[in-house]
Amino acid sequence: MTSDKPKLQKTARAIVWVLLDAVLLNAALMLAQVVRYSSNISYDFFANSIRLAPAMTVLFLLVFHAFGMYRTMWQYASASDVLRIATASFAATALTYGFSLAANAFVAPENLFRLHRMVYLLHWLMATALVGASRLLYRMVVTRERVSLLRASKDDVRRVMVVGAGWSGANLVHEIQRGSYGNCVPVVVVDDDRIRTGSRLSGVPVVRGSGNILKLASDYRVDEIIIAIATPKGDLKPLIEKCLATGCRVRRINPLQDVHGDASTAAQVRDININDLLGRPEEKLDMTPVASFFRGKTVLITGGGGSIGSELCRKLLPLEPERIVLYDISENYMYDLFSELKLRYGAALKDKLILCVGSIRDENRLNDVFGKYKPHVVLHAAAHKHVPLMEDCPDQAVKNNVFGTWLTAKTAVSHHVQRFVLISTDKAVNPTNVMGATKRLAEMIIEAFNASTKTEFTAVRFGNVLGSHGSVVPLFEQQIRSGGPVTLTHPDIIRYFMTIPEAASLVLQAASIAKGGELFVLDMGRPVKIRELAERMIQLYAPRDGRKVDIVYVGLRPGEKLYEELLLAGEGIAKTENEKIFIAKPEVFSEEKLNEMLSKLRNCLDEGGDMLKCLHELVPTFREADQVNSAAQARKNAV
């Protein structure tokens with residue numbers, strides 16, 4: 001009985017619309033004659049209209065039904081629905097005219113059904129206007145639309161500035177007026193296009209002056225700013241910073257959304273985040289060859305529950321691989337990811353995403369998993385990455401980052417994996433810490449395996465990842481939201497930054513185009529000063545009560561250097577088809593040299609030797625952080 005209730009409500013609503021349309025259509029016919037004849041309607045034409053009315057009403061209602069007008073959710077009506085009403089009314093008017101001619105042919109020479117031609121045209125216009133007005137009134141009542149000027153005068157209404165008067169800006173204004181954003185009202189639209197400024201958008205003034213946001217926000221008493229520029233022509237960072245300086249809440253249309261294909265923008269608006277203030281546009285990589293390569297393949301991701309591993313999984317699932325095997329020592333992160341993706345993919349995820357708990361240092365477990373699922377591609381993201389912690393326990397870094405990589409690579413070769421992609425770091429270039437040195441050794445292992453086996457081994461090297469586990473960004477945000485201070489190691493420290501989606505896209509791109517032996521590097525633009533990053537984050541996340549958040553310098557951490565590099569001397573660099581991706585040609589290591597290196601590390605572990613000394617011997621570019629930083633400061637002072 002309960003399941004029939006929605007159907008009954010739907011039927012009842014359709015009947016009400018049919019009855020209302022019948023009344024409006026007949027009223028439109030009367031109005032058409034009044035307009036045509038003024039007050040001098042002849043009795044004959046009046047009588048003809050009475051005789052024609054039943055057939056006209058039935059024809060109109062049938063055409064309206066054929067056009068789906070009684071299945072439409074009119075509370076979400078748009079301009080296309082108004083056009084549909086006009087088209088349906090025109091078709092029904094033409095049928096009515098045809099019917100009147102045919103019916104009149106049977107009673108000729110008398111005229112009992114035919115009206116003046118102008119009346120038919122006027123009836124079409126009147127019917128469109130009355131039926132359309134009924135739907136508009138219904139939408140206004142259901143969505144509780146109000147006149148913006150009246151709502152804007154109320155104290156409890158948030159006053160919104162919309163930046164951008166293009167298609168997405170106009171759509172956003174309409175959505176706000178419809179109530180899609182709660183109790184708020186657009187009071188001004190800002191745009192620098194001279195053609196648009198000086199006009200009104202749904203009654204909202206369009207003014208020029210994106211460079212004068214602070215004054216405009218004050219003049220219009222703005223509480224919130226929404227940047228409605230879906231396809232920016234340049235860097236939006238200066239505009240975003242001006243908006244943040246007003247103290248208002250700042251949001252923006254998601255630039256990745258296809259705003260032209262959706263009548264609603266409510267799901268497309270998000271808060272400004274640190275990615276927007278990164279200082280360079282996020283690189284969008286061509287995923288067409290990626291989809292072609294991964295379709296139908298089994299992919300194993302080590303460290304599958306981590307920041308990069310989980311994003312790789314999210315990006316791979318829509319590309320239709322045969323299955324994805326996540327391999328991680330932490331079951332919690334993997335399960336959280338599985339729960340997230342299950343909400344999106346439902347039961348289809350069961351055979352598509354496999355969770356395997358295990359360590360990359362456990363050879364038996366690796367063989368079990370590789371043997372059971374037979375992966376075509378391995379994406380090796382598992383590693384110890386925290387710089388200060390690895391300084392305190394270099395043995396563990398070697399066991400995991402070096403021998404774990406070696407075991408995983410060896411297992412991949414024995415199970416005939418097609419491609420193996422190592423996820424490396426810019427800290428492997430001229431390393432000043434244990435983590436960077438062990439990742440450099442991992443790169444050497446990959447090069448040695450590529451030279452001596454049929455599996456295609458490649459590596460991807462990139463900088464810091466915004467929002468990843470261990471990144472400074474979550475720490476800064478937590479400190480700012482709690483009122484500060486923000487702890488910064490050094491005022492001159494700089495880093496390359498990229499987003500998690502960028503990093504995952506680069507890894508997949510490398511896997512799809514690799515031939516073996518390459519070291520892929522992304523053009524990451526200019527490095528970012530961490531001090532400037534902290535200042536931008538304070539501007540973004542600081543409490544709105546005016547409390548100042550201070551920056552406190554606590555000194556460089558063990559193994560930390562002031563700057564990072566992406567290439568070693570002599571590696572060289574070559575372009576790919578994507579202008580933002582480069583290939584470095586690293587030094588090739590023989591199998592003999594690899595075995596000698598691993599033997600030294602194994603002896604050092606077994607005998608409790610000086611691991612730092614051993615790493616320095618094996619990685620000639622490994623230097624002490626203090627030495628490198630002093631040289632960098634000296635160069636800066638000399639300039």
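Author: Helix α14 (residues 394-414) and helix α19 (residues 591-607) have axes that come within 11 Å and cross at roughly 145°. Axes here are lines fitted to C-alpha atoms, for helices over the stretch in contact, and angles run from 0 to 180 degrees between N-to-C directions. Helices (H or I, at least four residues) and strands (E, at least two) are DSSP runs, numbered from the N terminus. This is a predicted model, in which local features need pLDDT of at least 70 and side-chain atom pairs count only at pLDDT 80 or more, while totals for chains, interfaces and linings use all residues. Residues are numbered from 1 along each chain as its sequence is written, and side-chain values use heavy atoms, with hydrogens and water left out.

The crossing of α14 and α19 is left-handed, a term for a near helix turned anticlockwise from the far one by less than a right angle (right-handed if clockwise). Which residues meet there? From α14 come Asp 395, Val 398, Lys 399, Val 402, Phe 403 and Trp 406, and from α19 come Leu 594, Leu 598, Leu 601, Arg 602 and Leu 605; contact means heavy atoms within 4.5 Å. By class, the contact of α14 with α19 has 8 nonpolar, 3 charged and no polar residues. In this scheme Ala, Val, Leu, Ile, Met, Phe, Trp, Tyr, Cys and Pro are nonpolar, Asp, Glu, Lys and Arg are charged, and the others, Gly among them, are polar.

Now follow the chain into the loops. His 416 sits in the loop between α14 and β12 (419-425). Phi of His 416 is near 60°, a positive value in a residue other than glycine. Most residues other than glycine have a negative phi, and most peptide bonds are trans. His 416 counts as exposed because its relative accessibility is 69% (buried is under 20% relative accessible area, exposed over 50%, partly exposed in between, with a 1.4 Å probe and protein chains only).

Asn 430 also has a positive phi, near 45°, without being glycine. Its place is the loop between β12 and α15 (434-452), and Asn 430 is partly exposed, with a relative accessible area of 25%.

One more loop is worth a stop: Pro 485 lies between α16 (472-481) and β15 (486-488). The peptide bond leading from Gly 484 to Pro 485 is cis, with omega near 0°.
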